[in-house]
Amino acid sequence: MKRVITSILTVCLLSFAVCAWAQEEMQGDAPEENSVLDNYFPGMDKADAQKLGAVPDGSAQMKAKISVDGDTWNATLLLDGNKVMVVSLSTAITDNNIVFGMLQTLDTRGFVPLVITSKSKDKKNQTELFKVLAEGKSEDDANDLMQNALGDYANQEDGSLTVLFCQQDMRSEMAKLSKAGNEDEKAIMGSYGDSLTYNMVLNKSNDTITVMVATLDTLFAAKDK
């Protein structure tokens, strides 16, 4: 299985470099893809989620299974009253389309890496890309850091890779705030608390990909619990 994961992420590494270029070339004319991200989303009513097949699992969450292009994703919906607040999607990494497809979908929709966190048995490294841009580095430099993180993860024997994605303009504005001298990360991110984010986790221990969909404020609240 580790050979499979290494092969998958090598493909992702090569493909991620051309995503931005491909999007510019397509100029918004890309066909609508069938994405697991389109079934459940933060803010939807509990009743609407039930109509799509989600089943209550206790009073504060629902569960569902989503089949997309032959892959089955497990969905967990966290509720606040009758509203979905967080959508967590998880599946096994069985071929290169799982990870690359998610990266490609997020890129096509204008989402870029904001924070990259790499963990292994003996170290942890976190890179805030908005701070990298604030230091005068280019978008290409930021993309290189993402590529390097994917490459390093592919060669790890253990650990995980977590990437928080946000809209391109949000990352650019956060870089401007950081460059202006605001070093308080939570204060900077707090300016965009209502913005939708995707938190992708690749985990070597069970060869899975998990994507948590939530606003930035809700995501931080969930992480603090």
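**Close-up views of a predicted model**

**View 1. Leu-79 stands opposite Val-84 in β4.** This is a predicted model, in which local features need pLDDT of at least 70 and side-chain atom pairs count only at pLDDT 80 or more, while totals for chains, interfaces and linings use all residues. Residues are numbered from 1 along each chain as its sequence is written, and side-chain values use heavy atoms, with hydrogens and water left out. Strand β3 (residues 71–80) pairs with strand β4 (residues 83–92) in the antiparallel sense over 7 bridges, where pairing requires that DSSP finds at least two bridges between the strands, and strands are DSSP runs (E, at least two residues) numbered from the N terminus. The two strands form a hairpin with 2 residues between them, and Gly-81 in the turn has a positive phi of about 70°.

**View 2. Strand β4 is joined to strand β9 (residues 208–215) by 6 bridges.**

**View 3. Thr-117 lies in strand β5 (residues 111–120).** Thr-117 counts as buried because its relative accessibility is 10%, and buried means under 20% relative accessible area, with exposed over 50% and partly exposed in between (1.4 Å probe, protein chains only). Leaving aside residues up to four places away in sequence, Thr-117 touches Lys-124, Asn-125, Gln-126, Ser-160, Leu-161 and Thr-162, where contact means heavy atoms within 4.5 Å.

Key: Helix = DSSP H or I, 4+ residues; strand = E, 2+ residues; numbered from the N terminus.
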